[in-house]
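Hi there,

Here is the model I promised to send over. Have a look at it first, and my notes follow below.

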2 protein chains.
Amino acid sequence: MSQTPLFLDACFGRPTPRTPLWLMRQAGRYMPEYRAVRAKADFWEMCHTPDLATEVTLQPIRAFGLDASIIFSDLLIPLPHMGFEVKFLPKEGPVLPDPIKTVADVDRLRPTPMREALECVAQAARQIVAELPQSTPLIGFAGAPFTLASYLIEGGSSKQFMKTKAFLHQHPDAARRLFDRLTDAVIELLQLQLDAGCRAVQVFDSWAGCLDPEDYAAWGVPYTQRIVAAVRRPGVPVIVFAKGTGTYLDLVAQAGADVYGVDWTLPLSKARALVGPSAALQGNLDPGRLLAPWEALRPAVDRVLDQAGDGTGHIFNLGHGIYEHTPVDHVRRLVDHVQGESHRWRGGR
Amino acid sequence: MSQTPLFLDACFGRPTPRTPLWLMRQAGRYMPEYRAVRAKADFWEMCHTPDLATEVTLQPIRAFGLDASIIFSDLLIPLPHMGFEVKFLPKEGPVLPDPIKTVADVDRLRPTPMREALECVAQAARQIVAELPQSTPLIGFAGAPFTLASYLIEGGSSKQFMKTKAFLHQHPDAARRLFDRLTDAVIELLQLQLDAGCRAVQVFDSWAGCLDPEDYAAWGVPYTQRIVAAVRRPGVPVIVFAKGTGTYLDLVAQAGADVYGVDWTLPLSKARALVGPSAALQGNLDPGRLLAPWEALRPAVDRVLDQAGDGTGHIFNLGHGIYEHTPVDHVRRLVDHVQGESHRWRGGR
């Protein structure tokens with residue numbers, strides 16, 4: 001058997017004896033160990049303090065033995081260094097007090113050498129890699145330009161992305177300048193994580209699903225293509241997850257990535273038809289299902305495994321970050337089941 | 001040519017000389033006439049005062065000559081009469097101060113004769129119908145049980161519907177009891193609007209898109225089926241709009257409705273393939289596109305017309321309610337363009 005970690009084999013579509021899994025936002029409030037750290041430091045401070053980021057990144061690996069680790073950080077981490085303050089208010093999520101409102105504001109976004117600005121992220125990655133078992137690769141990540149732009153323009157989270165859409169449609173040239181600068185920053189941020197020892201990277205376009213297919217073709221595809229091409233290294237998979245884009249996953253798959261994330265609204269069998277045979281798929285249990293008792297949860301987990309065919313080229317995950325109120329015991333049963341039983345899907349069922 | 005209104009012909013898939021259109025939330029804040037009424041009464045009061053509901057319902061018909069009218073009301077209007085107070089707080093949207101938290105709370109939802117409780121809705125409908133031209137049918141509407149249940153359980157709007165999913169998965173029997181009661185109320189509410197002169201009804205499952213296909217099959221399909229069957233009358237189309245369900249629109253189309261709403265993430269040509277040939281489609285311009293200048297908006301409108309084939313069985317609409325900051329002039333150009341030019345798509349392009 002290969003010495004390559006299961007997770008990396010699956011990302012490259014190589015046969016694996018069972019399905020590897022990790023969980024988006026696996027370091028999170030649902031874990032008592034995490035809440036103990038969080039009680040002493042705020043979220044943003046945790047992101048910027050390598051010892052704290054290392055500690056919470058490792059917690060779910062120690063607790064559940066997941067097949068990949070993802071660095072504890074936040075999509076918005078490059079923005080303050082580029083000139084846009086970010087505050088995390090209790091219960092409100094991120095707030096940017098001085099967002100982009102005009103074309104001129106785009107030029108307030110300063111190109112900044114991420115390597116110096118975010119040395120704390122590199123240091124955390126190095127520390128985490130030093131502690132992880134060799135079989136557990138560390139994933140670095142960044143937000144896609146559209147998702148970052150939406151925070152810069154809305155000034156925080158949004159439901160309808162009205163201001164962002166107004167800006168893109170009314171000022172397309174300025175928006176392209178904005179997206180180009182964000183793309184440069186994202187590439188640098190991913191490179192520094194790879195240089196620090198990450199063995200895979202994931203690009204999160206968390207809010208892309210608010211776009212129609214033509215807007216995604218204009219504001220998603222070209223930028224993920226450029227990012228994927230720029231960070232490609234031998235043996236290092238690139239994962240693109242554009243949540244809510246199941247109706248045009250074929251467009252998302254133009255990014256040239258090795259793996260595509262899939263949310264729970266699209267069965268993996270249909271995702272496979274849209275993505276084609278050459279990329280791996282990551283997903284796609286509804287995190288809401290993890291609130292269900294095991295008798296109800298187990299058939300949903302098995303359905304995901306069923307829809308992944310014989311399991312080759314499948315990394316089990318959720319379709320979005322795990323919810324705060326998820327019982328730890330449900331996570332443990334999920335992990336044990338996928339790790340202990342998914343071999344039975346090999347060779348087809 | 002038939003004396004039947006264009007909108008009704010299109011709902012039943014009969015050929016029309018051009019594409020009819022109306023706009024979800026067409027009576028709304030983007031109109032100065034609406035804001036003038038709203039300055040003197042709050043939203044909830046407007047929903048319950050027939051003269052005010054009549055006035056704002058008619059405003060967009062007078063201003064733009066749309067091909068259908070929809071009664072000004074709110075999805076939550078039956079809930080206070082069933083025992084759950086609803087408040088509309090400024091900038092927060094609806095809040096239910098005492099939501100469903102336990103299985104026992106389900107029985108606080110009282111079956112109530114909607115006909116008496118909501119005579120104000122019937123009266124508004126009668127007044128509106130008396131004022132509308134014969135060629136402009138009035139659409140009545142109600143929320144689907146899942147969407148209503150989500151407000152009852154979350155206590156208001158939500159992004160992730162975590163409490164709702166926890167309730168459905170942990171207490172499926174109680175949830176079915178809840179959904180059955182809501183279904184009865186929805187049917188009564190739609191019947192009373194039809195009796196008052198509405199010539200079509202639409203069921204809004206606004207938040208169904210947070211469900212995976214299996215949950216939609218359990219918590220969407222059986223209830224929309226029951227509603228559609230119960231309110232069916234000759235010559236009166238039933239429209240089902242389950243926003244965000246483009247990846248499983250084939251499931252939505254099991255409702256047996258005459259028309260399915262489609263949001264902007266799924267091109268109408270793909271929606272047609274999922275729904276089959278026998279139902280009409282309603283949609284599907286991104287309301288965000290209405291913020292664009294006409295040079296950018298027009299190609300997007302034409303793309304919707306292109307994707308509707310020769311236009312038979314298509315009602316032009318947005319993929320969600322119109323945004324508050326939409327320029328009135330953009331709406332006017334959209335309406336003039338669809339009404340003035342869509343005949344050119346007839347016979348194929």
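Before the strands come up, one definition: two strands pair if DSSP finds at least two bridges between them. Helices (H or I, at least four residues) and strands (E, at least two) are DSSP runs, numbered from the N terminus.

Please keep in mind that this is a predicted model, where local features need pLDDT of at least 70, side-chain atom pairs count only at pLDDT 80 or more, and totals for chains, interfaces and linings use all residues. Residues are numbered from 1 along each chain as its sequence is written, while chains are lettered from A and ligands numbered from 1 in the order in which they are written.

**The sheet**

In chain B, strand E1 (residues 69-70) runs parallel to E4(B) and is joined to it by two bridges. Ser69(B) has Leu138(B) as its bridge partner in E4(B). E4(B) also pairs with strand E5 (residues 200-205) of chain B, again in the parallel sense, over five bridges; here Phe141(B) has Gln202(B) as its partner in E5(B). Five of the six residues of strand E4 (residues 138-143) of chain B are buried (20 or more other C-beta atoms within 10 Å of a residue's own, with C-beta atoms placed from the backbone). That strand is therefore largely enclosed by the rest of the structure.

Chain A shows the whole arrangement: seven strands form an open, parallel sheet in the order E1-E4-E5-E6-E7-E8-E9. Its edge strands are E1 (69-70) and E9 (314-318) of chain A, each of which pairs on one side only. Strand E4 (residues 138-143) of chain A runs parallel to strand E5 (residues 200-205) of chain A, with five bridges between them, and Ala142(A) has Val203(A) as its bridge partner in E5(A).

Helix H9 (residues 172-195) of chain A packs on this sheet and touches E4 and E5 of chain A (contact means C-beta atoms, placed from the backbone, within 7 Å). The direction of H9(A) makes about 170 degrees with that of E4(A) (axes are lines fitted to C-alpha atoms, for helices over the stretch in contact, and angles run from 0 to 180 degrees between N-to-C directions). After H9(A) comes Gly197(A), whose phi is positive, near 120 degrees.

**A loop residue**

Pro97(A) lies in the loop between strand E3 (93-95) and helix H5 (114-117) of chain A. Pro97(A) counts as exposed (12 or fewer neighbours) because it has 10 C-beta neighbours inside 10 Å. Leaving aside residues up to four places away in sequence, Pro97(A) touches Glu85(A) and Lys87(A).

**Where the chains meet**

How many residues does each chain bring to the contact? Chain A supplies 29 residues and chain B supplies 29 residues. Helices H8 (162-170), H10 (213-219) and H14 (294-307) of chain A each supply at least two residues of the side of chain A that touches chain B, and H8(A) gives the most, with five residues.

The same surface serves both copies, as 100% of the contact residues of chain A recur in chain B.

Best wishes

Terms used
Contact = placed C-beta atoms within 7 Å.
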